[in-house]
Amino acid sequence: MSTQLPMVEVRGARKSFGAVEVLKGIDLSVDRGQIVAIIGPSGSGKSTLLRSINHLESLNSGEVWLDGVQVNQKLHGQAFERHINKVRQQMGMVFQHFNLFPHLTVLENISMGPIILKGMTRSDAHALAHSLLSKVGLADKIDAYPSRLSGGQKQRVAIARALAMQPKVMLFDEATSALDPELVDEVNAVMKQLAAEHMTMLIVTHEMRFAGEVADRVLFMDGGVVVEEGPPGDMFRAPQKERTRTFLKKYLSA
Amino acid sequence: MQGLDFTVVAPYWDLLLIGAWWTAVLTVSAGALSFVGGILFAVIVLYAPVIVAYPVRALMWVFMGTPLLLQLFLIYFGLVQIGIDIPALAAGIVGLGLHFAVYNADIIRAGIVAVDVGQTEGARSIGFGKWQTLRHVVIPQAIRNTAPPIGGNLIALLKESSIVSVIGIAELVHSAQLAISETFRPFEFYITAAALYYILNLVLEAALRLFERHVEASR
Ligand SMILES: Nc1ncnc2c1ncn2[C@@H]1O[C@H](COP(=O)(O)OP(=O)(O)OP(=O)(O)O)[C@@H](O)[C@H]1O
Ligand SMILES: [Mg+2]
């Protein structure tokens, strides 16, 4: 049997903002259907790593691959624009602050991508939006504007919007950090459902319990490097590195 | 001294209504031009390469820094001299439209810059290109957020449109002056013209409120 191509691969990723190096050589490989949770203290570079994967940040050096295609290839101008827009259609991203489009209804938020980018007919896109909304439990909000939704509902719509492009991988950057505690579970439930459907996911989170429940692998970052990684059981029960232990002690006791 | 007698207006009522009609046509056409031009100028100033942005900026500066009257004379009488002969109505629409486009551009540019960067990231993460993101996500929000001042400019445009009477366009003030030249009753005709402007204004404000109500629905 030939070894399967990873869905997401990051090799030697380095990124600086000005004089500050935020990613100091990150290697990461995520298999098809695998779920990787990324944890670590504030400022350790988790968001920057995630944003580098769909090129919202461009690396100073290193490579990012999606399903055998290099994301950050050396193309110029319009050629790179076309390339990256195609690649991004295959990666869903969910942001801490939802980033829904406030001037569009829930239906329009979700169906706009398929209609404009994939040339899907309006009625097909609306049917797709409807089925995704049912999936995240918000079919009754289809004509609402985002401002009328709670944070948890907004985030579920944002997930549906990303799923509407039928992505190969979903990137979550602290999807529940901006939510009131009582709204966290409804979003986590949707993510667990995606996990059950074998969606490939990278999840940046501060919720250790959720990471433990959903992830196949947990990756601990600190100071722009991956300090330690492994299955959640090992990582949470018997971390090898002192830095991991200190970090986890603080979180698990809280 | 003469007493006021509005019956003198009656024979000229058609003339005044036609004038009001042309004022409405001017306002709608120049208003549309000022709106589209405002968006275009704003986008060019923000995103176009300097080779395009610089001349446009210079043009905007000229339109902002000189009187509208002079701009109209320049477009209507000046351009003929270099072989560009524009009908008066078109000159009036272009002059008014560009003049207000410059003011709209300033407002819309600020509106675009004020749209949260998360909106752009949200759109780009789905796979929208730069232009698609501007067109479908950023500009619509910038327009909604700047609707009140842009509406204010449109109302100013309606009132300022009377200035094109100087290049012979038969709009409302022009019609009133024509009637006055035959009847020597300035007071009655200017008052009637003012009333007609007021009505046009009400219609315009109602249309703007309708749009703002539509925007409010998404807030
Ligand atoms: N656009 C930027 N310009 C300058 N510095 C940045 C930028 N984005 C991030 N940084 C810096 O890079 C470092 C890593 O940021 P990053 O957002 O990746 O951390 P994080 O692990 O996601 O933190 P948190 O848990 O707080 O979200 C931080 O010190 C941050 O201040
Ligand atoms: Mg972060």
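How do the residues of the shell around ligand 1 divide into nonpolar, polar and charged? In this predicted model, where local features need pLDDT of at least 70, side-chain atom pairs count only at pLDDT 80 or more, and totals for chains, interfaces and linings use all residues, side-chain values rest on heavy atoms, with hydrogens and water left out. Residues are numbered from 1 along each chain as its sequence is written, while chains are lettered from A and ligands numbered from 1 in the order in which they are written.

The shell divides into three nonpolar, seven polar and two charged residues. Here Ala, Val, Leu, Ile, Met, Phe, Trp, Tyr, Cys and Pro count as nonpolar, Asp, Glu, Lys and Arg as charged, and the others, Gly among them, as polar. A residue belongs to the surroundings of the ligand if one of its heavy atoms lies within 4 Å of it, and among those around ligand 1 are A:Phe17, A:Val22, A:Lys46, A:Thr48 and A:His206. Helix α1 (residues 46–53) of chain A gives the most to this shell, with three residues; helices (H or I, at least four residues) and strands (E, at least two) are DSSP runs, numbered from the N terminus.

Some polar contacts (pairs of N or O atoms within 3.5 Å) can be followed by eye. An oxygen atom of ligand 1 is 2.7 Å from an N or O atom in the side chain of A:Ser47. For the side chain of A:Glu174, the distance from an N or O atom to a ligand 1 oxygen is 3.1 Å, and a polar backbone atom of A:Gly45 is 3.0 Å from an oxygen of the ligand. The protein covers 57% of the 630 Å² of accessible area that ligand 1 has on its own, as given by the Shrake-Rupley method with a 1.4 Å probe.

On a 1 Å grid over the protein atoms alone, a cavity is a set of points where a 1.4 Å probe fits but cannot get out, and a pocket is an open set with protein on both sides within 12 Å along at least five of seven lines; lining residues have an atom within 4 Å of a point. Grid points are joined across faces, edges and corners, and a volume is the space filled by probe spheres set on the points.

The largest pocket has a volume of about 480 Å³. Its lining holds 19 residues, with B:Tyr47, B:Thr120, B:Arg124, B:Lys130 and B:Leu134 nearest the centre. Two or more lining residues come from each of α2 (77–89) of chain A and α1 (13–47), α4 (88–114), α5 (117–126) and α6 (130–145) of chain B. The largest share, five residues, comes from α6(B). Twelve of the lining residues are nonpolar, three polar and four charged.

There are two cavities of 30 Å³ or more. The largest cavity, of about 60 Å³, has residues of both chains in its lining, including A:Met91, A:Arg161, B:Ser125 and B:Ile126. The second largest cavity holds about 50 Å³ of space, and A:Glu174 is one of its lining residues. At least two residues of that lining come from each of α6 (181–196) and β8 (200–204) of chain A.

Chain B itself has nine helices and zero strands, and its C-alpha atoms fill a box of roughly 75 × 50 × 25 Å along the principal axes.

Methods. A polar contact is a pair of N or O atoms within 3.5 Å; within protein, one must be able to donate a hydrogen and the other to accept it, and residues adjacent in sequence count only if both atoms are side-chain atoms.
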